[in-house]
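Let's take a walk through this fold, starting with the chain as a whole and ending in its loops. Keep the viewer open as you read.

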Amino acid sequence: QVQLVESGGGLVQPGGSLRLSCAASRSIFSIYRMGWYRQVPGKQRELVATITSGGSTNYADSVKGRFTISRDNAKNTVYLQMNTLKPEDTDVYYCNAIRGALNYWGQGTQVTVSS
């Protein structure tokens, strides 16, 4: 079992930055892939960024060059550094983990980009 707790969401002006954190209840060495997804009502949940246990990363085209996913193994935490935020980035952001055949989700954290 893996519990995921997100933090760091909030309100930010366009062009600003936020750092989201996802703390896992077990060592992330044992988790194949962790990542961030986002979703608003009426839209499909979409991939934002992922990172594997080996350190490989993947980004959605819409955030490439602006967002950076990273991990701190000692803290069992994955981060999403979000720079140059745009209003279109406004969404609920969900932490995700894949371990074996199981898929785990956090409860989400709201990110709002507005003047």
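Two residues are in contact here when they have heavy atoms within 4.5 Å of each other. With that in hand, take the contacts between residues at least 6 apart in sequence: 52% of them join residues at least 24 apart. Before going on, note that this is a predicted model, in which local features need pLDDT of at least 70 and side-chain atom pairs count only at pLDDT 80 or more, while totals for chains, interfaces and linings use all residues. Residues are numbered from 1 along each chain as its sequence is written, and side-chain values use heavy atoms, with hydrogens and water left out.

What does the secondary structure look like? The protein has eleven strands and zero helices, where helices (H or I, at least four residues) and strands (E, at least two) are DSSP runs numbered from the N terminus. Reading along the sequence, you get β-β-β-β-β-β-β-β-β-β-β. The radius of gyration is 13 Å, close to the 13 Å that the globule rule gives for 115 residues, so the protein is as compact as a globular protein of that length. (That radius is taken over C-alpha atoms, and the rule is 2.2 Å times the number of residues to the power 0.38.) Along its principal axes, the C-alpha trace spans about 40 × 25 × 25 Å.

Now for the inside. Of the 115 residues, 42% are buried; buried means under 20% relative accessible area, exposed over 50%, and partly exposed in between, with a 1.4 Å probe and protein chains only. In soluble globular proteins, nonpolar side chains tend to be buried together. Here the largest nonpolar core has 29 residues, and Leu4, Met34, Trp36, Leu80 and Tyr93 are those with the most contacts inside it. The largest share, four residues, comes from E3. Zoom in on tyrosine 93 and, leaving out residues up to four places away in sequence, you'll find it touching Glu6, Leu20, Trp36, Tyr37, Arg38, Val48, Phe67, Leu80, Met82, Gly108, Thr109 and Val111.

A cavity is a set of points on a 1 Å grid over the protein atoms alone where a 1.4 Å probe fits but cannot get out, and lining residues have an atom within 4 Å of a point. The lining consists of Ile28, Ile31, Tyr32, Met34, Ile51, Thr52, Ser53, Arg71 and Val78.

One of those lining residues, Ile28, sits in the loop between E3 and E4. Beyond four places in sequence, isoleucine 28 touches Met34, Ser53, Arg71, Asp72, Asn73, Asn76, Thr77 and Val78. Serine 25 is found in the loop between E3 and E4 too, but serine 25 is partly exposed at 43% relative accessible area. Serine 25 touches Gln1, Val2 and Gln3, again not counting residues up to four places away.Elsewhere, glutamine 44 lies in the loop between E4 and E5 and is exposed, with a relative accessible area of 71%. Glutamine 44 and serine 25 are 19 residues apart in sequence and 27 Å apart in space, C-alpha to C-alpha. Glycine 8, in the loop between E1 (4–7) and E2 (10–12), is partly exposed at 34%. Glycine 8 and glutamine 81 are 73 residues apart in sequence, with 10.0 Å between their C-alpha atoms.

Finally, check the backbone at two loop residues. Asparagine 76, in the loop between E7 and E8, has a phi near 50°, a positive value in a residue other than glycine. Threonine 84, in the loop between E8 and E9, also has a positive phi of about 50° although it is not a glycine.

Definitions and conventions. 1 Å grid on protein atoms, 1.4 Å probe; cavity = no way out; pocket = protein on both sides within 12 Å on 5 of 7 lines; lining within 4 Å. Core = buried A, V, L, I, M, F, W, Y, C linked by side-chain atoms within 4.5 Å.
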